[in-house]
Amino acid sequence: MGSTRTSAGLLVWRRGEGGIEFLLAHPGGPLWAKRDAGAWMIPKGEIDEGEDPLACAVREFEEEVGQAIAGPFEPLTPIRQKGGKRVVCWLAEADLDLAGFRSNTFRMEWPPRSGRMIEVPEIDKVAYWPAEAAMSKLLPSQAPLVVEALARLGP
């Protein structure tokens with residue numbers, strides 16, 4: 001698959017009282033616990049070899065948010081994150097009840113180099129954010145996805 005990893009994700013939106021709102025996810029674990037602005041992201045994950053990118057995006061969303069999305073899905077322009085990872089993303093409208101939010105977990109060494117393994121949620125919270133707030137919460141490298149979505153969705 002080469003040295004460039006590719007992730008696939010869904011940028012879910014709804015029309016709220018104040019306009020368009022985007023569903024963003026906050027990464028779990030101690031590295032992100034005290035970070036807020038610039039730390040949220042679209043639910044996404046690495047594409048397995050031979051896996052259809054859209055199928056990956058739908059699967060990852062369900063694993064990280066605990067809810068399925070049926071589409072329709074509109075492709076957005078792929079981006080490259082700061083670390084070099086390529087992200088392909090689809091826009092999907094869904095007004096989800098986030099009360100049932102649950103995320104898959106992963107194991108990590110914490111504290112670093114301690115040899116002690118802990119299990120943490122991949123995502124510790126999800127929320128819909130109005131467009132302006134979403135732009136300040138989102139990882140800067142993913143902001144072009146919201147900009148393009150807003151241009152397509154209009155006011």
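The model shown in every view is predicted.

**View 1**
Through salt bridges that share partners, Asp48, Glu51, Arg59, Glu60 and Glu63 are joined into one network. In the whole structure, a search finds 11 salt bridges.

**View 1. The salt bridge between aspartate 36 and lysine 137.**
The side chains of aspartate 36 and lysine 137 meet with an N to O distance of 2.3 Å. Aspartate 36 sits in the loop between E2 and E3, and lysine 137 belongs to helix H2. The two residues are 101 residues apart, and the pair links distant parts of the chain. Lysine 137 has 14%, which is under the 20% limit, so lysine 137 counts as buried.

**View 2. The salt bridge between lysine 85 and glutamate 46.**
Here the N to O distance between the two side chains is 3.6 Å. Lysine 85 lies in the loop between strand E5 (79–80) and E6, while glutamate 46 is in strand E3, so the pair ties together parts that are 39 residues apart in sequence. Lysine 85 counts as buried because its relative accessibility is 14%. Glutamate 46, at 36% relative accessibility, counts as partly exposed.

**View 3. The largest nonpolar core.**
This core has 21 residues. Leu11, Phe22, Leu24, Ile42, Leu91 and Leu145 have the most contacts inside it. At least two residues of the core come from each of strand E1 (6–16), strand E2 (19–27), strand E6 (86–93), strand E9 (123–130), helix H2 (131–137) and helix H3 (143–153). Helix H3 gives the most, with four residues. A second, separate core has 19 residues, among them Ala8, Val88, Ala92 and Leu96. In soluble globular proteins, nonpolar side chains tend to be buried together.

**View 4. The surroundings of leucine 91.**
Leaving aside residues up to four places away in sequence, leucine 91 touches Leu11, Trp13, Pro72, Phe73, Glu74, Leu76, Ala149 and Leu153. Leu91 and Leu11 are both among the residues with the most contacts inside the largest nonpolar core.

**View 5. The largest pocket.**
The volume of the largest pocket is about 240 Å³. Its lining is made up of 17 residues, and those closest to the centre are Pro27, Trp32, Met41, Phe106 and Glu122. Which strands each supply at least two residues of the lining? They are strand E3 (44–46) and strand E7 (105–109). The largest share comes from E3, with three residues. By class, eight of the lining residues are nonpolar, four are polar and five are charged.

Technical notes:
Residues are numbered from 1 along each chain as its sequence is written. This is a predicted model: local features need pLDDT of at least 70, side-chain atom pairs count only at pLDDT 80 or more; totals for chains, interfaces and linings use all residues. Side-chain values use heavy atoms; hydrogens and water are left out. On a 1 Å grid over the protein atoms alone, a cavity is a set of points where a 1.4 Å probe fits but cannot get out, and a pocket is an open set with protein on both sides within 12 Å along at least five of seven lines; lining residues have an atom within 4 Å of a point. Grid points are joined across faces, edges and corners, and a volume is the space filled by probe spheres set on the points. Ala, Val, Leu, Ile, Met, Phe, Trp, Tyr, Cys and Pro count as nonpolar, Asp, Glu, Lys and Arg as charged, and the others, Gly among them, as polar. A nonpolar core is a set of buried Ala, Val, Leu, Ile, Met, Phe, Trp, Tyr and Cys residues joined through side-chain atoms within 4.5 Å. Buried means under 20% relative accessible area, exposed over 50%, partly exposed in between (1.4 Å probe, protein chains only). Contact means heavy atoms within 4.5 Å. A salt bridge is a side-chain nitrogen of Lys or Arg within 4 Å of a carboxyl oxygen of Asp or Glu.
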